[in-house]
Amino acid sequence: MTLDYAQKEDFKDFKRLYMSAFPPEERHPYFLLQHFLKRKKGELLIAKDKGLFVGFAYLICYQDLAYLFFFAVEEQMRGQGYGSEILRLIKEQKKGMRIFLAREPLDSFADNAEQRIKRREFYKKNGLEDLPMNIVENNYVFDTMSIGGAVSPAEYKALVTNWCGKLFCKLLKLDAQENVVK
């Protein structure tokens, strides 16, 4: 399997999977993701197996931080080790960096409660640990996990401000806060 920077021909698959893998309330406008890629403020890595599109990782990097902003594997390819392999390749490419992500909080009353537990266990199996920080995006609160060290709310805010600027941070409602209750 390969994990390389997106080429022009990869954007159709990226957009299709992005729109299907994430619920509308968790997505950011697609044109903004593209805009910030063009400005070299984000990185879109495409996973392929023997030339076949497997999934993607959209990262925002700043200083020694790599925020795995969006990560998805084709639905029919899930459960076959592709997600773990993509994470391994990201860790290899971003060696020495603190890699972190936001994920849905565990909630036994959520419609997808079992999926949330499985997702957390998947990330734990791949070396990520829970952080005492919540990320707020579009008024939706996420738990966070990382590998390589802790990330503070101030570091998250600096990263997203570098990515999209203060105005878009306000418009996209990007924020973080300590969560001492885990």
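Please keep in mind throughout that the model is predicted.

I begin with the open spaces. The largest pocket has a volume of about 910 Å³. Its lining comprises 36 residues, and those closest to the centre of the pocket are Phe-71, Ala-72, Arg-78, Arg-119 and Tyr-123. Which elements give two or more residues to this lining? They are α1 (11–21), β4 (65–73), α3 (82–93), β5 (98–103) and α4 (113–125). Among these, β4 gives the most, with seven residues. In terms of class, 18 of the lining residues are nonpolar, eight are polar and 10 are charged.

The second largest pocket holds about 240 Å³ of space. The residues that line this pocket are Tyr-5, Ala-6, Phe-11, Gln-34, Leu-37, Lys-38, Lys-40, Gly-42, Glu-43 and Leu-44. Two or more of the lining residues come from each of α2 (30–38) and β2 (43–49), and α2 has the largest share, with three. Here the division by class is five nonpolar, two polar and three charged.

I turn now to the packing of α3 and α4, both of which give residues to the lining of the largest pocket. In general, two packed helices are described by the angle between their axes and the distance between the axes. The axes of α3 and α4 come within 10 Å, and their crossing angle is roughly 45°. The two helices are therefore oblique to each other. As for handedness, the crossing of α3 and α4 is right-handed. On the α3 side, the contact is made by Gly-83, Ser-84 and Leu-87, and on the α4 side by Phe-122, Tyr-123 and Lys-125. Three of these contact residues are nonpolar, two are polar and one is charged. Tyr-123 of α4, which takes part in this contact, is also one of the residues closest to the centre of the largest pocket.

How many cavities of 30 Å³ or more does a search of the whole structure find? The search finds one. About 30 Å³ of space lies in the largest cavity, and the residues lining it are Leu-87, Ile-90, Lys-91, Ile-99, Leu-128 and Ile-147. The largest share of this lining, three residues, is from α3. By class, the cavity lining has five nonpolar residues, no polar residues and one charged residue.

Note on methods:
Residues numbered from 1 in each chain as written. Predicted model: local features only at pLDDT ≥ 70, side-chain atom pairs only at ≥ 80, totals over all residues. Heavy atoms only, no water. 1 Å grid on protein atoms, 1.4 Å probe; cavity = no way out; pocket = protein on both sides within 12 Å on 5 of 7 lines; lining within 4 Å. Points joined across faces, edges and corners; volume = space filled by probe spheres on them. Helix = DSSP H or I, 4+ residues; strand = E, 2+ residues; numbered from the N terminus. Nonpolar A, V, L, I, M, F, W, Y, C, P; charged D, E, K, R; others polar. Axes fitted to C-alpha atoms, helices over the stretch in contact; angles between N-to-C directions. Parallel < 35°, antiparallel > 145°, perpendicular 65-115°, else oblique. Left-handed = near helix turned anticlockwise from the far one by under 90°. Contact = heavy atoms within 4.5 Å.
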